Amino acid sequence: MNTAVPSLRTAPAPLVAAGNAVLLGAHPSTDTDLHRVRPGIYTARRAWEDLPAWDRYLLRVHAFRLVRPDAMFSHESAAALRGLPLFGHPRHLHIFDERRERSLAYGDVHVHTSADRRRAQDADGILLTTVADTVIDLARALPPAFGLAVADAAVRTSDVTGIDLRAVLERQRNPRGRRRAEWVLSRTTPLAESVGESLSRAVIEWCGFPSPVLQREHHVEGRRYRSDFCWPEHRVIGESDGWMKYGGGGDPAASAVAIREEKRREDALRRAGWRIARWDYAGAITVTGLRDALTRAGLSPTRAPDTANLFAVARNPRSA
């Protein structure tokens, strides 16, 4: 495993310390154009309001670093810095301190410790747990489908492999959340190309549908296409549509081309005898859209659904 540390995500908006603002003649607490990210640290209110939930959380992490530059970030805080998936706006900042005898929480900060050591990495002057440690910590703590999405993203975008992740888990003695982490690692794959695909795989399993083939190539009418999910024996293809899939980088002309190409692709696959089911992120997270799309395409469950996991798939108690 390569030990090089890639650059981390920078603060998505400028931060200013109250002490610096006072030098300019006013305390930021009296400025209605500023938003307090944490005590003593501010950002422009308009910038804060325009940020999505995951970037607001990332800004909170960077604000905490300004007041605690020695902190080693872990869990969701390390994931945010590395660009791994977040779900909602995590309630707490997470740091790891192996010097402590027990974990504690104060305000919006959780300080973790463990008999199982965490390896620290220094990236751009920021201390945080390694990718593998971060993934295993979250696989233990997050709802299983979200833990799977984090693990899939890590093996897809970094030099960490499933073998590396399993080695970390095997070294740890802590039994808490171990069964959940083992479920995640037994299904982790770099073939999942998006968070939506990872969540969809979990929902497909829990609905009782047969296991799909991932990223299968189809040679149709002289062209080559790939499908997100495929059930060859049933002639069914499943497609998980992301909201950026046809975005074209904000170029309307590029978006129109992408949509036309996708229609051409789908028409060719239908002519070749494939039935196609499509759903989006909301369809997967609420279960119904994914399940109904596959049922309409002619795919039937082969085992009883896991109703407990299906009921909880969209619920993340660690986030607002």
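A residue is called buried when its relative accessible area is under 20%, exposed when that area is over 50%, and partly exposed in between, as computed with a 1.4 Å probe on protein chains only. The structure is a predicted model, in which local features need pLDDT of at least 70 and side-chain atom pairs count only at pLDDT 80 or more, while totals for chains, interfaces and linings use all residues. Residues are numbered from 1 along each chain as its sequence is written, and side-chain values use heavy atoms, with hydrogens and water left out.

Helices (H or I, at least four residues) and strands (E, at least two) are DSSP runs numbered from the N terminus. In helix H7, which spans residues 162–171, the buried residues are Asp-164, Leu-165, Val-168 and Leu-169. Seen down the axis of H7, these buried residues fall within an arc of 135°, taken over the directions from the helix axis to the C-beta atoms, and they therefore line one face of the helix. The face of H7 turned away from that buried side carries the exposed residues Ile-163 and Arg-171. Among the elements that cover the buried residues of H7 are helices H5 (131–141), H6 (144–157) and H8 (178–185).

Further along the chain, strands are paired if DSSP finds at least two bridges between them. Strand S10 (residues 213–220) runs antiparallel to strand S11 (residues 223–231), and 7 bridges join the two; the hairpin that they form has 2 residues between the strands, with Glu-221 in the turn at a positive phi of about 50°. S11 is also joined by 3 bridges to the antiparallel strand S12 (residues 236–241), in a hairpin with 4 residues between the strands, where Arg-235 in the turn has a positive phi of about 55°. Cys-230 of S11 stands opposite Val-213 and also opposite Ile-237 in S12.

Terms used:
Contact = heavy atoms within 4.5 Å.
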